[in-house]
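Student: I would like to see how the words used for a structure follow from numbers. Can we go through one together?

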Amino acid sequence: MEVSMDFETLKAAEAQYVLPTYGRNDIFLDHGQGARVWDSNGREYIDLTSGIGVLSLGQNHPALSAALQKQVEQLLSVSNLFYTEPMVQAASLLVPASGMKKVFFANSGAEANEGAIKCARKYAADHYGPNRYKILTLVNSFHGRTIATLEATGQDHFHQNFFPFTNGFDYVEANNIEDLKAKADENTAAIMVELIQGESGVRPLDPEFVKAIEELCHEKDILFIDDEVQTGMGRTGRLFAYQNYGVHPDIVTMAKGLGGGVPIGGFLVNEKTEGVLGKGDHGSTFGGNPLSAKAAQVVLETILADGFLEDVERKGTLLQDLLKEIKSPDVLDVRGLGLMVGIQVPAEKVADYMKEIMDRGVLVLKAGTDTIRLLPPLVITDDDLKEAASIMKEVFEA
Ligand code: PLP
């Protein structure tokens, strides 16, 4: 494959021209196929990161690549001032499969959550007046990097230097029903949670806690916002993680896997919330544009095909079973759902283990302070999972 810059030139130009907001791995990725990627020297890796849970169908999926190429030539972007077909096709797949009523398309997870917060506040203002604006989120949650979603993120270290925030967020300890009940008062508009806290360490919420949220929301007419930006789109073996938990949120947000690598996000509303936002209340120039919506359409057609999600669930179990066979005192826990898996290790060793695993050709992610996070493409093969798990076993058992 051809790249026009060597790695040293690329790094120098990046340092000169790009804001240094990321700590990058020292790897220059160049091309990919399925769950494999290659660096600029031709070194091959098994990718258990999938662009942080984005590439549901892996790199260069034949149906997705062909549909995008065709869409680029046919119609790229025309704004939401006109009707276009891909957005309606994507919505027609997403809405019935989710059991929700309608969808709004945005571009990213943070934007999806911003829309959900707006929808919840308008619902509360319409029904209870302007003082009911509080959004409860969880300690250690992650909801995005815009000012409102940063505030929704229940981790202080993300907040520093960005004050003042908007008013109206409070944080409940995850899985603490008493704390939840104490903080949900007459000014609470919504409770927003990730059912599996991704960025803070792949931590599934207790089913009893999730049920308690749903019950409390019904009792007090508080909206239940489910942030499925990371857990959605088949990641956990169901289209959305709430389907594993057997609950019915009022608003569901999504992004990451929805476009299979093309930026698109959005939120779904149910019968209670579908009438809240009307003409002029919300919008986005790029939201649901033909290119990204075509990507979502193909992703949805693929993951909703017979047997696909069952296979994700099966592969998730296979991966966890293989990881649980590792005999090392440093593997403190293996947890997750479907193809969203965390390996907890001592915090002081996480960076070294990750480097060693990546040096041996398997790309992995960090979550929280002590967890190696695996989010492989949903189409990863059993053989790739087995090979990656055996490399991690060698590293941990060395
Ligand atoms: N919500 C959750 C649960 C996430 O994991 C993320 C990103 O990691 C976001 C929101 C923000 O998404 P984005 O980076 O697309 O804005």
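Student: How do you know that the length of helix α4 agrees with what a helix should span?
Tutor: Helix α4 has 14 residues, 85-98. The expected span is 1.5 Å times one less than the number of residues, so for α4 the span should be 20 Å. The end C-alpha atoms of α4 are 20 Å apart, which agrees. Helices (H or I, at least four residues) and strands (E, at least two) are DSSP runs, numbered from the N terminus.

Student: What kind of model is this, and how are residues numbered?
Tutor: This is a predicted model, in which local features need pLDDT of at least 70, side-chain atom pairs count only at pLDDT 80 or more, and totals for chains, interfaces and linings use all residues. Residues are numbered from 1 along each chain as its sequence is written, and side-chain values use heavy atoms, with hydrogens and water left out.

Student: Which residues of α4 are buried?
Tutor: Pro86, Ala90, Ala91, Leu94, Val95 and Ser98 are buried in α4. Buried means under 20% relative accessible area, exposed over 50%, and partly exposed in between (1.4 Å probe, protein chains only).

Student: What covers the buried residues of α4?
Tutor: The cover includes the helices α3 (62-74), α10 (241-245) and α11 (290-303), and the strands β4 (102-106), β11 (251-254) and β12 (265-269). Contact means heavy atoms within 4.5 Å. Just after α4, glycine 99 takes a positive phi of about 80 degrees.

Student: Why is proline 377 called buried?
Tutor: Its relative accessibility is 1%, and the limit for buried is under 20%. Proline 377 therefore counts as buried. This proline lies in the loop between β17 (371-374) and α14. Leaving out residues up to four places away in sequence, proline 377 touches Gly34, Ala35, Asp47, Ser50, Leu55, Ser56, Gly58 and Leu339.

Student: Why is lysine 315 called buried?
Tutor: The relative accessible area of lysine 315 is 4%, which is set against the limit of under 20%. Lysine 315 is therefore buried. Lysine 315 is found in helix α12. Residues up to four places away in sequence aside, lysine 315 touches Leu339, Leu378, Val379, Ile380, Asp382 and Leu385.

Student: What makes β13 and β16 edge strands?
Tutor: Four strands form an open sheet in the order β13-β14-β17-β16, with antiparallel pairing. β13 (333-337) and β16 (365-367) each have a single partner strand, so one side of each is left without a neighbour in the sheet. From one strand to the next, the twist averages 30 degrees.

Student: How do you know that β13 and β14 pair?
Tutor: Two strands pair if DSSP finds at least two bridges between them. β13 and strand β14 (residues 340-344) have five bridges, in the antiparallel sense. Glycine 336 stands opposite valine 341 in β14, and valine 334 stands opposite isoleucine 343. The hairpin of β13 and β14 has two residues between the strands, and glycine 338 takes a positive phi near 60 degrees there.

Student: How many bridges join β14 and β17?
Tutor: β14 and β17 pair over four bridges, in the antiparallel sense. The bridge partner of valine 341 in β17 is leucine 374.

Student: What makes β14 a mostly covered strand?
Tutor: Five of the five residues of β14 are buried. Met340, Gly342 and Gln344 point one way from β14, Val341 and Ile343 point the other way, and all are buried.

Student: Which helices lie across strands of this sheet?
Tutor: Helix α12 (residues 308-324) lies across β13, β14 and β17, running at about 175 degrees to β13. Helix α13 (residues 350-359) lies across β16 and β17, running at about 35 degrees to β17. Axes are lines fitted to C-alpha atoms, for helices over the stretch in contact, and angles run from 0 to 180 degrees between N-to-C directions.
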